[in-house]
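Hi,

Here is the structure I promised to pass on. Have a look at it first, and then read on for what turned up.

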Amino acid sequence: MSGFVIGGVVGRRRRRVLAAAVVAAALLAGTVPAVAVPADAGAGRGAGRVVASASVPPCGDGLVPGGAVRVGADAVRVTVVNEGPAPCVVRGYPAVALAGQGSPGRARALAVVGEGPVHPVVLAVGDAAQSRIAFAPVLGEADGYCASDAEPFVAPSMVIGVAGVRVQVAPDDGGNFAVCETTVRATAFRPVA
């Protein structure tokens, strides 16, 4: 975001309006398959999201982390934001790894079991998508343990793979991620309301 909040918000609104105009012009010209755009597109963060379209490219380097909010002791809700130059698509479940405190050799890739239906989520510039990732938590206090007798793994951040890019997120409370198993459950990405 720019150093000037008002300028950044106005710039995002202009980009959303421009993106909506480009999509509308393409539709009128017959060059883009029909897309669903909410009537309140551009009315605020999340409002300009396109529901589905096969013509919008996958998100790339413009996808940035939006945060990781704990949901109880055994889950986190991760958010990614489209800060790219145009609308883009995210689809499916995230790939998940716990970062190895700066050392790739200490990172731990986690198997993901998908939960719920998968739908493409087209993000206007500034819009966000999220996934809920649930895991077997470490029990106890400082020297925690796993109910399964597995060895606990603790890391300060998580790497989320989505739409061909990797974004690194840290818990919003400043703590660490602590898991017991090498498998997590994740919902497919959904638009942030």
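Which cysteine does C59 form a disulfide with, and how far apart are their sulfur atoms? The partner is C88, and the two sulfur atoms sit 2.0 Å apart. Before going further, please keep in mind that this is a predicted model.

Staying with that bond for a moment: the torsion about the S-S bond of C59 and C88 is about 80°, so this disulfide is right-handed. C59 belongs to the loop between α1 (5-29) and β1 (63-70), while C88 is in strand β3 (residues 88-90), so the bond ties together parts that are 29 residues apart in sequence. Are these two cysteines buried or exposed? C59 has a relative accessible area of 2%, which is under the 20% cut-off, so C59 counts as buried. C88 comes out at 6%, so C88 is buried as well.

The structure holds two disulfides, and the other one I'd point you to is formed by C146 and C180, with their sulfur atoms 2.1 Å apart. This link is left-handed, with -95° about the S-S bond. C146 lies in the loop between β7 and β8, and C180 in the loop between β11 (177-179) and β12; the two are 34 residues apart, and the bond links distant parts of the chain. Both C146 and C180 are buried. If you number the bonded cysteines in sequence order, the pairing reads 1-2, 3-4.

Now for the overall layout. The protein has one helix and 13 strands. Going along the sequence, the pattern is α-β-β-β-β-β-β-β-β-β-β-β-β-β. 

On the one hand, β5 (residues 108-115) runs antiparallel to β4 (residues 95-98), and three bridges join them. A97 is the residue that stands opposite A109 in β5. On the other hand, β5 pairs with strand β12 (residues 183-187) in the parallel sense, over five bridges. There, V112 has V184 in β12 as its bridge partner. One general point to have in mind while you browse: in a regular strand the side chains alternate between the two faces of the sheet.

Two backbone spots are also worth a click. D149 is not a glycine, but its phi is positive, near 70°. You'll find D149 in the loop between β7 (128-134) and β8 (153-155). Its relative accessible area is 74%, over the 50% cut-off, so D149 is exposed. A163 is in the loop between β9 (158-162) and β10 (165-169). With a relative accessible area of 28%, A163 falls between the 20% and 50% cut-offs and is therefore partly exposed.

Finally, some totals. Of the 193 residues of the protein, 36% count as buried. The protein exposes about 10200 Å², and carbon and sulfur atoms supply 58% of that area. How much of the contacts with a separation of 6 or more comes from residues 24 or more positions apart? Such residues account for 71% of them.

Methods: Residues are numbered from 1 along each chain as its sequence is written. Side-chain values use heavy atoms; hydrogens and water are left out. Two strands pair if DSSP finds at least two bridges between them. Helices (H or I, at least four residues) and strands (E, at least two) are DSSP runs, numbered from the N terminus. Buried means under 20% relative accessible area, exposed over 50%, partly exposed in between (1.4 Å probe, protein chains only). A disulfide is a pair of cysteine sulfur atoms within 2.5 Å. Contact means heavy atoms within 4.5 Å. Accessible areas come from the Shrake-Rupley method with a 1.4 Å probe; for residues, only the protein chains shown count as cover.
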